[in-house]
Amino acid sequence: MDVDHSVQNESVSTVDDTTTITEPKTENEQTMSTTKALVILVVIFSLFILILGYLYYSFPQMTEEEKKYIKIPRNTTDMQNLGRVLEDYKDTNYTQVFMSIFFCYIFLQTFAIPGSISLSILCGFLYPFLLALAIICFCSAMGACFCYLLSMTIGRRLAYRYFPDRIKSYANLVKKHNDNMFCYMMFLRITPFLPNWFINVCAPLVDVPLIPFWLGTFFGVAVPSVLVVQAGQTLHQVASESTWSWSSVLLLATFAALSLLPVLFKAKLRDKFD
């Protein structure tokens with residue numbers, strides 16, 4: 001009996017020692033994986049910056065006055081100034097202007113950087129309604145998918161590390177709508193229930209398929225973007241006139257008010273859909 005008891009104690013001690021040894025190793029592997037993911041993310045981010053830098057420096061020669069307006073607009077004045085500069089170059093350098101907006105939009109969407117709403121208005125400022133809407137929908141869908149793929153390949157560990165509770169809550173919602181994922185993705189894009197960056201990052205982690213994710217984003221973004229594009233066209237009309245017209249001001253105010261409707265009816269829409 002004493003021999004058996006000593007053998008059992010040795011077994012327990014061995015297991016305890018093994019556990020003590022393996023735990024630091026596992027944590028070290030997680031740290032290395034997180035570091036590697038961050039390095040890859042920085043490299044991809046840098047490649048986007050290089051592309052945007054190339055587009056900027058390959059742009060036709062501009063005056064010093066024009067150069068100071070080439071930035072992500074933060075207000076209506078910045079938008080008008082940037083729109084005027086790009087419109088002057090659009091006729092003679094259509095491809096450069098188009099590709100600059102195209103890659104900049106995808107870049108912002110891929111890395112969840114604020115500013116895409118300003119580019120949406122700029123598209124309405126520069127292009128016909130349907131073309132502007134198509135640019136916004138396509139760039140939003142492609143940028144969201146790039147963010148989706150980044151999260152799926154290198155962001156899983158980071159996401160679970162920083163907001164695990166929100167991912168679990170999102171996963172429960174997704175499970176309820178597995179049979180109509182396309183409609184649910186559209187619903188999430190139209191309404192402000194979840195931030196777009198959170199949807200993009202967490203979608204692959206809760207097994208949202210890529211195709212309904214892309215389609216739901218493309219068509220879901222179209223609904224609120226109609227107002228944004230029209231606001232950009234109205235802003236172009238205002239910028240083209242020597243004086244402000246009350247009709248243009250009222251149109252801008254109307255679009256701003258309509259864009260707030262999903263926020264005002266947030267609770268009712270959530271209850272109805274769930």
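The model is predicted.

**Exercise 1. Charge pairing**

Task: Determine how many salt bridges a search of the whole structure finds, and classify the exposure of E65, a residue that takes part in one of them.

Solution. 
Step 1. The partner of E65 is K68, and the two side chains meet in a salt bridge with an N to O distance of 3.3 Å. K68, at 48% relative accessibility, is likewise partly exposed.
Step 2. A further salt bridge joins the side chains of K67 and E64, with 3.8 Å from N to O. Both of these residues belong to helix α2 (residues 64-67), where they stand three residues apart, about one turn of the helix.
Step 3. The relative accessible area of K67 is 29%, which places K67 in the partly exposed class. E64, with 61%, is exposed.
Step 4. The search of the whole structure finds two salt bridges.

**Exercise 2. Packing of two helices**

Task: Describe how helix α3 is arranged against helix α5.

Solution. 
Step 1. Two packed helices are described by the angle between their axes and the distance between the axes.
Step 2. For α3 (residues 76-90) and α5 (residues 116-126), the axes come within 10 Å and cross at roughly 45°.
Step 3. The two helices are therefore oblique to each other. The crossing of α3 past α5 is right-handed.
Step 4. On the α3 side, the contact is made by M79, Q80, L82, G83, R84, L86, E87 and K90, and on the α5 side by S118, I121, L122, F125 and L126.
Step 5. Sorted by class, this contact comprises seven nonpolar, three polar and three charged residues.

**Exercise 3. The surroundings of a tryptophan**

Task: Locate W214 among the helices and state which residues W214 touches, leaving aside those up to four places away in sequence.

Solution. 
Step 1. W214 is situated in helix α10 (residues 210-240).
Step 2. The relative accessibility of W214 is 22%, so W214 counts as partly exposed.
Step 3. Beyond residues up to four places away in sequence, W214 touches F138, A141, M142 and C145.
Step 4. Y148 lies 66 residues from W214 along the chain, and the C-alpha atoms of these two residues are separated by 9.7 Å.

Note on methods. Residues numbered from 1 in each chain as written. Predicted model: local features only at pLDDT ≥ 70, side-chain atom pairs only at ≥ 80, totals over all residues. Heavy atoms only, no water. Axes fitted to C-alpha atoms, helices over the stretch in contact; angles between N-to-C directions. Helix = DSSP H or I, 4+ residues; strand = E, 2+ residues; numbered from the N terminus. Parallel < 35°, antiparallel > 145°, perpendicular 65-115°, else oblique. Left-handed = near helix turned anticlockwise from the far one by under 90°. Contact = heavy atoms within 4.5 Å. Nonpolar A, V, L, I, M, F, W, Y, C, P; charged D, E, K, R; others polar. Salt bridge = Lys/Arg side-chain N within 4 Å of Asp/Glu carboxyl O. Buried < 20%, exposed > 50% of the residue type's maximum accessible area, 1.4 Å probe, protein only.
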